Amino acid sequence: MDFVEQLKSSVDIVNVVGEYVRLRRSGANRYMGLCPFHNEKTASFTVHAVHQFYKCFSCGAGGDVVKFVMEKEGLSFYEALKTMSERYGVPMPKRSQYADEDSKVRGSLLAMHEAAEENFRANLQSQIGEAARGYIARRGLAAETVEHFGLGYSDRSGRALVRLFGQRGFPVAQMEESGLVGKRQDGSLYDRFRNRLMFPIHNESGKIIGFGGRALSPDDEPKYLNSPETPIYKKSHVLYNLHRAKEAVRKEDRVILVEGYMDAIGVTAAGFRNVVASCGTALTAQQVQAMKRHADRIAVNFDPDAPGANAAQRSIDILLQEDIQVYVVELDGGLDPDEYCKERGATAYRNRVENAQSYIYWLADRARAKHDMRSTQGQIAVLEILVPAVQKIPDTLERLKLAIDVAGYVGVDQANQGAVLDAFKRAAVDRKEKLVESPASPLRHDERMLLNALCWEIRNCALK
Ligand SMILES: [Zn+2]
């Protein structure tokens, strides 16, 4: 039997696909889930257990288990076979007719990242890692946490990886392509990460594809340096810690989204395994889709400072567009998630996560803090911020209930009732015109209902 056949007969497509998509049984041999190749709200993606194929009835994606792994991980045929042979323990013949140039390069880059991680880890345990160990101790990370997250230290010389890769025979072009090595104008090579605490970044199948490095000297800028984009590292697609978190995310049907490596590590160490970090980049639609494949609910827990709050607000916009239930975790005392877990303990943090309010109340508080709620203008401004956010709730009943809650929460003042209603009528007309430009939008009817509900609530409040 040819190796491909042998591999396909020894893995079950339901299990392989199930690592990426929550599948539900929908027939004797059929499973369904949300398609991982396009964005959808109702499942049209099926996997057939007997015939061992997948098919999406919306976007047309389909094929066998090898094709699935190729498409999902962006791998060549050869790489997909190799990945699966390693993951499922089906030995692959040594000489292989499938390797091509691209996959050889990606294979080399992955090997370089593994070698780099080993080097960083060894450094951390050696004499030169003292300052990094000091930082780890100050942040209160246990040895097993350091081990679990593969933390390391990049030395000061700026030559360690250049030398290591040279010894292992990687060509200069690949060293540069890895993003771990840079080239000066005079042609000499240097390690990109120097004197930093190193955080390996993995793809969803657990391969190291990049690093984040935290400066240990206050003079070193930036504080966090990340790998550049490379053939194996597409920043907009990657969430830190997702490969470890995804099982717990599914089990709890909730993902906790934090901002940085240290937050993800600190919260995990406190016993919450369903945490991922966006890591230095603004949240993208691809990252949200990656989370949505594992859970319906997301608890956003960014830093309590102003940049953190702004990042949270931007993230909420993306999350709502991708139709995921969003809750905002607020921590008191100006503590970030890592600090909160350490100072207040896991139970307090769990309480915060489980009692996190829907994003809309968080938005309302923010909007109220910015505007003078005693003035008509202020009340209108606040409602105008909230109406578009309420509209993004997919379910009509939920949306109306929330609209009424929000109007009450904002508390429109009796004296301004008329002016607020007028402003809303104008807003309704404006939006209707805007919506005519995009006839596919399903919001028009909902929007009217929503505005009516809001106005009704405002009127009721005023009559009380
Ligand atoms: Zn599809």
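Tutor: A residue is called buried here if 20 or more other C-beta atoms lie within 10 Å of its own, exposed if 12 or fewer do, and partly exposed in between, with C-beta atoms placed from the backbone. By that count, 36% of the 464 residues of the protein are buried. This is a predicted model, in which local features need pLDDT of at least 70 and side-chain atom pairs count only at pLDDT 80 or more, while totals for chains, interfaces and linings use all residues. Residue numbers start from 1 along each chain as its sequence is written.

The pLDDT is the predictor's confidence in each residue, on a scale from 0 to 100. Its mean over the protein is 86, and 86% of the residues reach 70 or more. Helices (H or I, at least four residues) and strands (E, at least two) are DSSP runs, numbered from the N terminus; the protein has 20 helices and 16 strands. Confidence is highest in strand E6, at a mean of 98, and lowest in helix H19 (residues 417-437), at 52. Residues 431-443 fall below 50, and this stretch has six contacts in the model beyond near neighbours in sequence. Two residues are in contact if their C-beta atoms, placed from the backbone, lie within 7 Å. Where pLDDT is low, the predicted coordinates should not be read in detail.

The part to look at is strand E9. Six of the seven residues of E9 (residues 196-202) are buried, so the strand is largely enclosed by the rest of the structure. E9 belongs to an open sheet of four strands in the order E6-E9-E10-E11, with antiparallel pairing. E6 and E11 stand at the edges and have a single partner strand each, so one side of each lacks a neighbour in the sheet. From one strand to the next the twist averages 35 degrees, where axes are lines fitted to C-alpha atoms, for helices over the stretch in contact, and angles run from 0 to 180 degrees between N-to-C directions.

Strands count as paired if DSSP finds at least two bridges between them. On one side of E9, three bridges join it to E6 (residues 152-154), in the antiparallel sense; here Ser154 is opposite Arg196 of E9. E9 is also joined to E10 (residues 208-215), by seven antiparallel bridges, and Pro200 has Phe211 of E10 as its bridge partner.

Asn195 lies in the loop between strand E8 (189-191) and E9. Asn195 is not a glycine, yet has a positive phi of about 50 degrees, and with 18 other C-beta atoms within 10 Å it is partly exposed. In the loop between E10 and E11 (224-226) is Pro222, which is joined to Glu221 by a cis peptide bond with omega about -15 degrees.

In helix H12 (residues 285-292), the buried residues are Gln287, Val288, Ala290, Met291 and Lys292. They pack against H10, strand E12 (254-258), strand E13 (275-277), strand E14 (297-300) and helix H13 (306-321).

Of the contacts between residues at least 6 apart in sequence, 61% join residues at least 24 apart.
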